[in-house]
Amino acid sequence: MNNIFIYCELTEELRIADVSQELLTKGRTLANELGVKVEAIVIGHGLSGIEKEIFPYGADVVHIADDKNLSPFTSGAHAKVLIAILRQEEPQIALFGATANGRDVGPRIASALKCGLTADCTSLIIGDHEDKKAKKSYKNLLYQIRPAFGGNIIATIINPETKPQIATVREGVMKKEVYDKQYKGEIKNFSVEGLLDDIDLAVKIIERHIEPPKVNIKGSQIIVAGGYGVGSPENFKLLYDLASVLGGEVGASRAAVDSGFAPHERQIGQTGITVRPKLYIACGISGAVQHRAGMDESSQIISINIDEAAPINNIADFAITGRVEDVIPKMIKYYKKNSK
Amino acid sequence: MSFKIVVLAKQVPDTRNVGKDAMKADGTVNRAALPAIFNPEDLNALEFALQVKDKIEGAEVIILTMGPYRAAEIIREAMYRGADKGYLITDRKFAGSDTLATSYAISLAVKKLGSFNLLVAGRQAIDGDTAQVGPQTAEKLGIPQIAYAEKLIEVNKEEITIKRRIERGVETVSAKYPIAVTVHGSADSCRPRNAKKLMQFKHSRTLTELKNEERENAELYKSRPYLMIEEWSVADIKADVEALGLSGSPTKVKTIENVVFQAKESKSLGDSNQEVEDLMIELIDGHIIG
């Protein structure tokens with residue numbers, strides 16, 4: 001009771017997903033602050049030995065539900081198992097990756113348990129709350145912090161009256177760190193016998209194929225990203241030219257993706273990919289907080305914008321005032337001229 | 001046997017292209033400056049529903065939305081594009097509802113509509129980006145869900161087959177009815193308005209709108225009842241008021257901060273040849289590039 005639970009997702013290769021290990025790390029920090037345990041839940045099939053990828057991140061207990069009906073993931077079956085475990089264990093916090101699966105299964109659980117769920121948190125901290133109207137005070141709530149309203153505001157969400165407090169977090173937002181290589185916890189096998197009804201298995205998987213991401217923005221040390229201010233798909237080609245010369249990848253803001261300048265898989269920001277490259281060149285990006293959430297830990301940031309007052313310039317190391325279509329060709333030219 | 005498809009849609013402020021006038025001098029969001037639009041992924045959902053309707057004779061598409069009275073605008077828009085009938089859940093008592101309270105209200109309204117085959121919603125709305133109301137409504141209705149639908153593969157009166165997006169690929173799944181489907185933005189865009197439908201539905205109104213417009217053509221609505229967009233209140237859907245609005249919402253907003261960009265020391269440059277060349281040299285020398 002009162003512990004912190006992490007839903008650990010599996011990759012196609014039946015490894016624990018990065019995002020889940022990031023959440024275990026975060027969960028460990030929160031648990032130390034609260035003086036409680038971290039418990040992981042893994043649901044799938046063929047999971048022997050999986051705990052080895054969980055305990056080092058500081059989990060005290062791993063609940064394993066291993067059954068052929070639980071793999072591959074379907075939201076019906078996974079929700080049923082999660083609801084059963086969470087009802088039984090009564091955690092105070094439950095964390096999910098803001099992945100396709102986490103965002104599929106999380107809301108079903110929050111609905112069944114009638115508790116609050118905050119999507120895509122960028123920060124989770126423990127804090128107190130005083131409800132002046134009701135004259136009630138609450139200790140050690142989970143502050144779930146996320147940008148909202150198109151990134152124009154940052155909201156701190158709390159669930160004072162309901163447990164567990166559920167949050168989803170995107171991959172790459174939290175840091176993944178081994179807590180203790182030798183850390184050992186307890187394995188609890190959860191039996192699904194008699195648990196799953198026909199309706200939980202109603203969705204049949206006919207075929208699945210894995211398309212690895214065509215672009216590897218996350219792994220790139222140099223990213224040339226464009227926003228709405230790039231102006232056209234034609235101008236966007238310049239970004240590809242620069243990225244190719246510098247050995248980087250092309251990213252885009254949501255506005256650029258929505259305008260059809262760049263495909264969805266290149267979107268950087270709160271609802272896209274989070275990156276931490278050595279160099280981030282922001283072209284025609286104004287710098288809404290949702291975009292910044294995905295790139296503000298880049299070591300060096302160059303902004304190219306016609307608007308000297310663009311918010312992105314406040315976090316840029318170099319702010320070039322000018323048009324993208326004028327500046328990029330010059331960058332290419334002078335890079336080629338000076339590179340050794 | 002009838003075949004009923006319920007589409008959930010939301011009217012949202014257009015948060016995608018927030019211009020300078022969208023922020024007030026005190027740094028708060030000026031909602032009035034943001035146009036209200038049909039939530040983009042709900043249009044993908046509508047198209048998905050219409051494609052099912054195209055393939056199943058006698059299928060009916062019902063559009064359901066929750067919001068202030070002016071949200072009837074998107075119901076009309078949906079009818080111009082092919083939906084058959086619309087319902088608006090509207091009541092001041094809904095104000096402040098989070099996704100849990102919203103899905104409670106919507107699930108009651110869907111139940112009031114009677115039995116259905118398909119419940120279709122956009123994956124998420126751009127004002128919240130939570131992707132929660134679809135699955136939460138499905139859970140409250142006790143039906144399974146297929147999230148992130150990208151393409152309708154096959155459909156008949158017994159079952160539906162859908163290609164959906166997963167984290168690193170795609171998956172084809174099938175299910176019998178009733179089933180909830182949330183549709184991803186990468187699915188087909190919505191067909192445009194149909195001229196005949198536009199003529200047919202241009203006078204469709206809610207009672208509130210008729211009152212506001214002081215229209216007196218009661219006869220028209222008597223002879224063509226499909227033009228009436230029904231408005232449902234908390235009482236109509238027999239909801240427990242305690243489970244709605246702020247009291248029914250487990251999530252509370254503790255604080256809201258307007259985004260203030262923390263300035264860090266940055267060098268401002270012009271776009272002259274010399275300045276760009278100096279920058280590239282600095283980056284090369286610092287081993288940032290090259």
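Reply: The contact between the chains, where contact means heavy atoms within 4.5 Å, takes 82 residues from chain B and 90 residues from chain A. This is a predicted model, in which local features need pLDDT of at least 70 and side-chain atom pairs count only at pLDDT 80 or more, whereas totals for chains, interfaces and linings use all residues. Residues are numbered from 1 along each chain as its sequence is written, chains are lettered from A and ligands numbered from 1 in the order in which they are written, and side-chain values use heavy atoms, with hydrogens and water left out.

Between them, chain B and chain A bury about 7200 Å², and 56% of that lies on carbon and sulfur atoms; buried area here is the accessible area (1.4 Å probe) that two parts lose on being put together, summed over both. The rule finds 32 residue pairs in polar contact across this interface, both residues being at pLDDT 80 or more. A polar contact is a pair of N or O atoms within 3.5 Å; within protein, one must be able to donate a hydrogen and the other to accept it, and residues adjacent in sequence count only if both atoms are side-chain atoms.

On the side of chain B that touches chain A, the elements that give two or more residues are α4 (133-141), β7 (145-155), β8 (159-166), β9 (169-176), β12 (252-258), β13 (267-269) and α8 (273-285) of chain B. Helices (H or I, at least four residues) and strands (E, at least two) are DSSP runs, numbered from the N terminus. The largest share of this side, 10 residues, comes from α8(B). By class, the side of chain B that touches chain A has 35 nonpolar, 25 polar and 22 charged residues, where Ala, Val, Leu, Ile, Met, Phe, Trp, Tyr, Cys and Pro count as nonpolar, Asp, Glu, Lys and Arg as charged, and the others, Gly among them, as polar.

Side chains of opposite charge can pair when their charged atoms come close. One of the salt bridges joins A:R254 to B:D129, with the closest N and O atoms 3.1 Å apart. In another, B:R164 meets A:D104 with the closest N and O atoms at 3.8 Å, and this pair crosses between chains, from strand β8 of chain B to helix α3 (residues 100-113) of chain A.

The chains also join through their strands: strand β8 (residues 153-158) of chain A and β12(B) pair in the antiparallel sense over 6 bridges, two strands being paired if DSSP finds at least two bridges between them. Within this pairing, A:I154 stands opposite B:E257 in β12(B).

Strand β9 (residues 165-169) of chain A then pairs in the parallel sense with strand β4 (residues 93-97) of chain A over 5 bridges, A:L95 standing opposite A:A167. Both belong to an open sheet of 7 strands with parallel pairing, in the order β5-β9-β4-β1-β2-β3-β10 (chain A). At its edges stand β5 (117-118) and β10 (186-189) of chain A, each with a single partner strand, so one side of each is left without a neighbour in the sheet.

For comparison, there is also a contact inside chain A, which an automatic or database domain assignment divides into domain 1 (4-201) and domain 2 (222-338). This contact takes 12 residues from domain 1 and 9 residues from domain 2 of chain A. The area buried between the two domains of chain A is about 840 Å², of which carbon and sulfur atoms give 47%, and the count of salt bridges between them is 0. Across this domain interface the rule finds 3 residue pairs in polar contact, both residues at pLDDT 80 or more.

Note on methods
A salt bridge is a side-chain nitrogen of Lys or Arg within 4 Å of a carboxyl oxygen of Asp or Glu.
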